[in-house]
Amino acid sequence: MEKPIFPMEYIRITQGYNEGTHMGSYAIDNAGKDTSISDVKAPFTGVIKKIYQNDANEVWLESKEIVEYPDGTKDYMTIMFAHDNDVNDLFVGKVIKQNDTFYHEGTKGNATGNHCHFECGKGKFTDNGWHKNNSGYWSINNGKKPEDCLWLNDKNIIIDTHGYKFKKISTETVEIKPVVTDNKKNEKIFIAPKTDLYGVYLKEKQELVIKSTK
Ligand SMILES: [Zn+2]
C-alpha cells in the first residue's frame with residue numbers, strides 16, 4: 001500500500017491553510033527551492049479526474065488504490081493542484097505513477113510568484129471535485145490537513161514547513177533479536193524502540209505474535 005509523499009522535493013510553505021485566500025480550507029502554497037519553476041510529483045499512483053483551464057489550471061488526481069495516511073487511516077485520496085502554466089500534456093483518465101513529475105509550479109490564475117497551491121481530500125473524487133466554502137474560496141471536497149495526508153521521505157528538503165509537523169517514512173531496517181525467549185514456544189520478542197509504524201517480513205508458516213507487556 002502506497003504512502004502519499006509530499007509532492008515537491010523542497011518544502012517551503014509560503015501560505016498555510018485557513019490563512020488569507022486559504023480561509024476555510026486545508027490548501028497550502030509551496031514555493032519550492034527558489035523563485036524558478038520546480039517540478040511537482042505525483043504523491044501516489046493516481047488517475048486524473050478533472051482539469052479546469054478557466055482559472056489556475058487546476059488538476060485533480062485521485063489515487064488508484066487505497067493509501068496509507070500518516071494518521072493511521074487507510075482510504076482513497078484526491079489531491080488538487082493549481083498554478084501550472086501549461087497542462088496541455090495532461091488529460092482526464094491519464095494515469096500517473098507515484099513520484100513521476102506531471103505538474104509544475106507556475107503563476108496561472110493570478111498567482112504572485114511561481115508556486116504550487118494544493119489541497120488534499122479524503123476519499124475518491126466526488127461531484128465537481130470542489131465547492132465554494134463559507135469564506136468564498138474554492139476548496140476540495142472532504143479537505144484534510146496536509147500533515148495528516150502526506151509523508152516526507154529521505155529526498156525531501158525542508159526549508160519551511162510553516163510549523164506543520166509532517167511524519168517521515170522510516171527506511172531503517174531493524175532485525176528482530178530474541179530479547180526474551182520462551183523455550184516451550186520458542187518465541188522471539190521484539191521490543192519497539194519508539195512509537196512508529198513497523199513493517200514485518202514473514203516467511204511461510206512463520207507465526208506473528210503481537211503482545212504488549214505494558
Ligand atoms: Zn494558494
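I count two residues as in contact if their C-beta atoms, placed from the backbone, lie within 7 Å. By that rule, and leaving out residues up to four places away in sequence, Phe81 touches Val40, Glu58, Val59, Tyr103, Cys116 and Phe118.

This is a predicted model: local features need pLDDT of at least 70, side-chain atom pairs count only at pLDDT 80 or more, and totals for chains, interfaces and linings use all residues. Residues are numbered from 1 along each chain as its sequence is written.

The chain has 19 strands and zero helices; these are DSSP runs, E of at least two residues for strands and H or I of at least four for helices, numbered from the N terminus.

Now to strand β8, residues 77-82. Six of its six residues are buried, so the strand is largely enclosed by the rest of the structure. Buried means 20 or more other C-beta atoms within 10 Å of a residue's own; exposed means 12 or fewer, and partly exposed is in between. On one side sit Met77, Ile79 and Phe81, on the other Thr78, Met80 and Ala82.

Glu62 stands opposite Thr78, and Phe118 is the bridge partner of Phe81.

Last, the largest nonpolar core has 37 residues, meaning buried Ala, Val, Leu, Ile, Met, Phe, Trp, Tyr and Cys joined through C-beta atoms within 7 Å. β8 gives the most to this core, five residues.

How values were computed: Pairing = 2+ DSSP bridges.
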